[in-house]
Amino acid sequence: MHAPDWMAQGQPHIWLPYAQMKTATPPLPVVRSHGSRLELADGRSLIDGVASWWTACHGYNHPHIAQAVRAQLDAMPHVMFGGLTHEPALTLARRLAGLLGPGLDRVFYTDSGSVAVEVAMKMALQFWLNQGERGRSRFLAFRGGYHGDTFGTMAVCDPEEGMHSLFNGMLAGHDIVGLPRDEASLAELDAWLEARAPQLAGILVEPLAQGAGGMLLHDPEVLRRLRRLADKHGLLLIFDEIFTGFGRTGTLFAFEQAGIRPDIITLSKALTGGTLPLAATVASDRVFQAFWSDDPAHALMHGPTFMGNALACAAANASLDLFQTEPRLAQAQAISAALAAGLEPCRELPWVRDVRVLGAIGVVELDGIADREALKRRLIEAGVWVRPFGNVVYLTPALTISDEDLAVLTGAVASVLRAQRP
């Protein structure tokens with residue numbers, strides 16, 4: 001492929017994510033997007049199987065979101081959130097609280113998922129500090145988990161998954177254990193908490209689906225067990241729904257399937273429909289009351305420069321409109337059935353360890369991937385954009401993807417994996 005001039009001139013100055021720049025395959029130049037399609041500079045069209053890291057839940061360029069952003073740009077793109085406020089941010093906070101249900105009432109805005117988790121951890125730590133408890137400096141998190149790439153969030157990711165292992169000796173110490181998937185592991189964790197709970201500020205988990213740590217799934221009963229343990233041992237329960245929120249698991253939020261609520265929840269990625277960076281950390285009134293004081297030292301001292309960005313909040317409000325007016329959750333359920341049927345043939349391959357589906361998440365777990373770049377090239381040749389990582393090939397398409405494009409996606413994964421061992 002002949003690179004366009006802007007790519008040839010700019011490529012020597014860019015630093016790409018998750019890539020060894022000396023050997024990395026050059027990125028594909030995208031010139032436009034629409035629906036579930038990425039149009040490349042050379043005229044090729046790829047079906048996006050991962051919705052730009054799960055963000056473009058309504059597909060690309062949805063006119064309702066585009067119009068909302070244009071109107072907000074004309075009125076006011078941004079003002080600082082320190083001492084000022086605006087309608088899109090307050091409307092969005094009210095709507096999020098309404099969707100999350102009773103008990104999750106206070107919305108703190110940030111710019112990215114990692115920072116939203118950092119804020120959740122900071123809230124939990126200060127929740128105890130504001131009540132005079134200074135010994136609660138650790139978090140309980142889980143193997144297979146991923147919560148971000150900043151220093152605070154790296155410390156609560158699975159230390160064995162490899163992405164952040166280089167920094168292990170420099171990160172804060174937290175406790176990473178297995179999820180309580182059965183009664184035996186529940187009893188083991190309960191006994192562990194009997195001794196360690198006074199050192200903990202909270203429990204942090206990705207509900208139902210652990211994303212970038214391996215696309216690992218667990219049952220809603222796991223979340224109910226964690227809620228019982230948090231209540232028994234007096235701990236805050238934090239749900240990281242940055243991956244799972246906004247329809248990805250088949251319900252608007254994953255925690256709904258367990259019938260319980262966390263004390264703090266983090267949201268990002270699909271919050272704006274994949275258009276602008278925005279994240280939210282939403283706390284219960286119980287958490288917020290620990291900060292409600294005449295003492296200035298009890299305030300949450302955090303405030304990103306672009307916190308509550310008006311353009312991003314307008315996009316998020318428009319995205320929520322679409323969940324109200326278009327059948328996203330029904331579409332997620334239909335995608336779930338199509339992923340299960342389309343990926344099932346992969347199970348017969350000797351190098352496939354597992355095939356699993358939850359909502360609009362489809363995963364083929366392999367024994368290993370010897371050449372990830374070669375596998376990605378073969379998928380591109382099949383007309384799809386899929387980004388394998390670790391030992392998994394996964395699909396998280398837009399909830400609006402057509403039946404035809406979804407069939408091409410699952411067919412491409414199955415045929416590429418069948419044709420040659422990765």
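Residues are numbered from 1 along each chain as its sequence is written, and side-chain values use heavy atoms, with hydrogens and water left out. Because the model is predicted, local features need pLDDT of at least 70 and side-chain atom pairs count only at pLDDT 80 or more, while totals for chains, interfaces and linings use all residues.

## Helices that pack together

Two packed helices are described by the angle between their axes and the distance between the axes. Here the axes are lines fitted to C-alpha atoms, for helices over the stretch in contact, with angles running from 0 to 180 degrees between N-to-C directions. Helices (H or I, at least four residues) and strands (E, at least two) are DSSP runs, numbered from the N terminus.

Let's start with helix α12 (residues 372-381) and helix α13 (residues 403-419), which pack at an angle of about 130° with their axes 10 Å apart. That angle makes α12 oblique to α13; angles under 35 degrees count as roughly parallel, over 145 as roughly antiparallel, 65 to 115 as roughly perpendicular and the rest as oblique. The crossing of this pair is right-handed. For handedness, a crossing is left-handed if the near helix is turned anticlockwise from the far one by less than a right angle, and right-handed if clockwise. On the α12 side, Leu375, Arg378 and Leu379 meet Ala412, Val413, Val416 and Leu417 of α13, where contact means heavy atoms within 4.5 Å. The residues of this contact divide into six nonpolar, no polar and one charged. In that count, Ala, Val, Leu, Ile, Met, Phe, Trp, Tyr, Cys and Pro are nonpolar, Asp, Glu, Lys and Arg are charged, and the others, Gly among them, are polar.

In a second pair, the axes of helix α4 (residues 87-100) and helix α10 (residues 310-325) come within 9 Å and cross at roughly 40°. The crossing of α4 and α10 is left-handed. From α4, Pro88, Ala89, Thr91, Leu92, Arg95, Leu96 and Leu99 take part, and they meet Ala310, Cys313, Ala314, Ala316, Asn317, Leu320, Asp321 and Gln324 in α10. This contact of α4 with α10 has 10 nonpolar, three polar and two charged residues.

Helix α5 (residues 113-129) has 17 residues and reaches 24 Å from its first C-alpha to its last, close to the 24 Å expected at 1.5 Å a residue. The expected span is 1.5 Å times one less than the number of residues. Since 12 of the 17 residues of α5 are buried, this helix is largely enclosed by the rest of the structure. Buried means under 20% relative accessible area, exposed over 50%, and partly exposed in between (1.4 Å probe, protein chains only). Among the buried residues of α5 are Val117, Ala120, Ala124, Phe127 and Trp128.

## Single residues worth a look

| Residue | Relative accessible area | State |
|---|---|---|
| Threonine 272 | 0% | buried |
| Isoleucine 238 | 0% | buried |
| Isoleucine 361 | 1% | buried |
| Methionine 215 | 1% | buried |
| Asparagine 61 | 52% | exposed |

Isoleucine 238 sits in strand β10. Leaving out residues up to four places away in sequence, isoleucine 238 touches Ala120, Ala124, Phe139, Ile203, Leu204, Val205 and Ile264. Its C-alpha lies 5.7 Å from that of proline 262, 24 residues apart along the chain.

Isoleucine 361 belongs to strand β14 (residues 361-366). The C-alpha atoms of isoleucine 361 and arginine 387, 26 residues apart along the chain, are separated by 14 Å.

Methionine 215 lies in the loop between β8 (209-210) and β9 (216-217). Its phi is near 55°, a positive value in a residue other than glycine. Asparagine 61, in the loop between α2 (51-54) and α3 (63-75), also has a positive phi, of about 65°, although it is not a glycine.

Threonine 272 is in the loop between β11 (264-267) and β12 (279-284). Not counting residues up to four places away in sequence, threonine 272 touches Ile65, Leu278, Ala312, Ala315, Ala316 and Ser319.
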